[in-house]
Amino acid sequence: MEFLKTLHIEKTNLGVSTGANWIKSTGENIDSYSPVDGKLIASVTGADKDAYEKVIHQAEEAFKQWRLVPAPKRGEIVRQIGEALRHYKEPLGKLVSYEMGKSLQEGYGEVQEMIDICDFAVGLSRQLQGFTMHSERPGHRMYEQYHPLGIVGIISAFNFPVAVWSWNSMLAWVCGDVCIWKPSEKTPLCAVACQHIVQEVFAKNKIPEGVSGILIGGRDVGEWMSNDTRVPLVSATGSTRMGKAVGAAVGARLGRALLELGGNNAIIISKDADLDIAILGSLFGAVGTAGQRCTTSRRLIIHEEVYSNVKDKLTNAYRQLSIGNPLDEKNHVGPLIDKDAVKMYLDAIEDCKRQGGKFIVEGGVLSGDGYESGCYVKPCIAEVIPDLAIVKHETFAPILYLMKYKGIDEAINIQNGVPQGLSSSIMTLNLREAEQFLSAAGSDCGIANVNIGTSGAEIGGAFGGEKETGGGRESGSDAWKAYMRRQTNTINYSTNLPLAQGIKFHV
């Protein structure tokens, strides 16, 4: 495929890099199969402990130089990375689509998110601002400033194989940090391609080797990073189970963990909703990326007066979905990432039925021409009560649960009644309902929307959630502060040394 050649992807690739230097390793061989057609795309050699140590050492040495480059100059490098991504948007978007399985438009959209965060980071590079405070002591000035933190370890998931890395790395780079990326072993080629693109820019600007490192591998690589005191911040995106393990390991050494984990996102559909908007937002939220977004809409909480109408409209919309090769733009839904994901999807359907759920749009695995990979499934809908165990569990697949409510307080309680707290939405034209949903007594999620769905966050806002979603924030707003160390400074320009709290000390 031509896009693989453009991105310098070979049949066999090394998966450990300090930048321009790709390191040989005795780590496991990782084969990347496309869920689109089941074919082997290419193979990658993962990291062993010796290769890991080389990457860490090179990153430590690079940090000593990179932290001294003025932040606006670091921003200029990121600006050039954004230009390089614009140049490679088409082939990289196709690789994302082919290796992960999301639609081609979503693949292009993910690369556009990378470009957008580059633009954001360029502006940020001139705004890494602290505060100036008034000192209680005469002849003193007090202020805060932010310094580069060091090595940032980035653990990313398969469902957004390039965007989430860029949310972290572009901010970390303008902050003066160096980055080591452990991508999902399910989408290793996307990481290899990104490293080639970034290194072109770094080489042109004579950036030190080690500012961008890659460590492809399994769980052990993530464990090495999480337990390594030389990595002050580990940013991990993925399942709650994984995040708890990372958080425990990093916390045990008093490091920093930035966790963006699972979601079990709900849309409340009020009797005062614009149903056309509500149906469209619910449909895309539930089936986009085949339900494999952390912001996927998994629960619809529908007012009893419009329940039947919403159910009928949504059922009709599901009948019109086209499922197939995501590189074909006429298809709405592509495959799940692999057969393990298909098994989890089927197990969730059976669990739902055993617990009393009633499917109004049946699920199942598709077979025949075009579905040879065995990873294509039918988006399905079940009617449930809110307290079912399966409803409180995040299944990374296109399964949507419908439930009724009578009053807004009940709806908000149902929305909040799950362990996860990432994204949420209410569809209503009632101002009081909207404001209550956004109030301290409303949604307990990190993201709360009105009249848009749960997915499709913009890079300008901090992205993340509460409870078992982990509490971390990536991307925009003031998320950059997580990548820096904060320092309070006091300067005495007087001829005296007044002590705090008026203490007298004579020598």
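Lys and Arg count as positive and Asp and Glu as negative; His and the chain ends are left out. Each charge sits at NZ of Lys, CZ of Arg, CG of Asp or CD of Glu.

This is a predicted model: local features need pLDDT of at least 70, side-chain atom pairs pLDDT 80 or more, while totals for chains, interfaces and linings use all residues. Numbering runs from 1 along each chain as its sequence is written, and side-chain values use heavy atoms, without hydrogens and water.

**Exercise 1.** Find how far apart the centres of the positive and negative sets lie.

*Solution.* Take the 52 positive side chains of the protein chain. Take the 58 negative ones. The two centres are 4 Å apart.

**Exercise 2.** Describe the largest nonpolar core.

*Solution.* Start with burial (under 20% relative accessible area, 1.4 Å probe, protein chains only). Of the 507 residues, 57% qualify. Next, join buried Ala, Val, Leu, Ile, Met, Phe, Trp, Tyr and Cys through side-chain atoms within 4.5 Å. The largest set holds 156 residues; Ile81, Leu92, Trp173, Ile269 and Tyr318 touch the most other members. Helix α7 (residues 188-204) contributes the most, with 10 residues. Now list contacts (heavy atoms within 4.5 Å). Beyond four places in sequence, Leu92 touches Leu7, Leu85, Val111, Met114, Ala193, Cys194 and Ile197.

Key
Buried means under 20% relative accessible area, exposed over 50%, partly exposed in between (1.4 Å probe, protein chains only). Helices (H or I, at least four residues) and strands (E, at least two) are DSSP runs, numbered from the N terminus.
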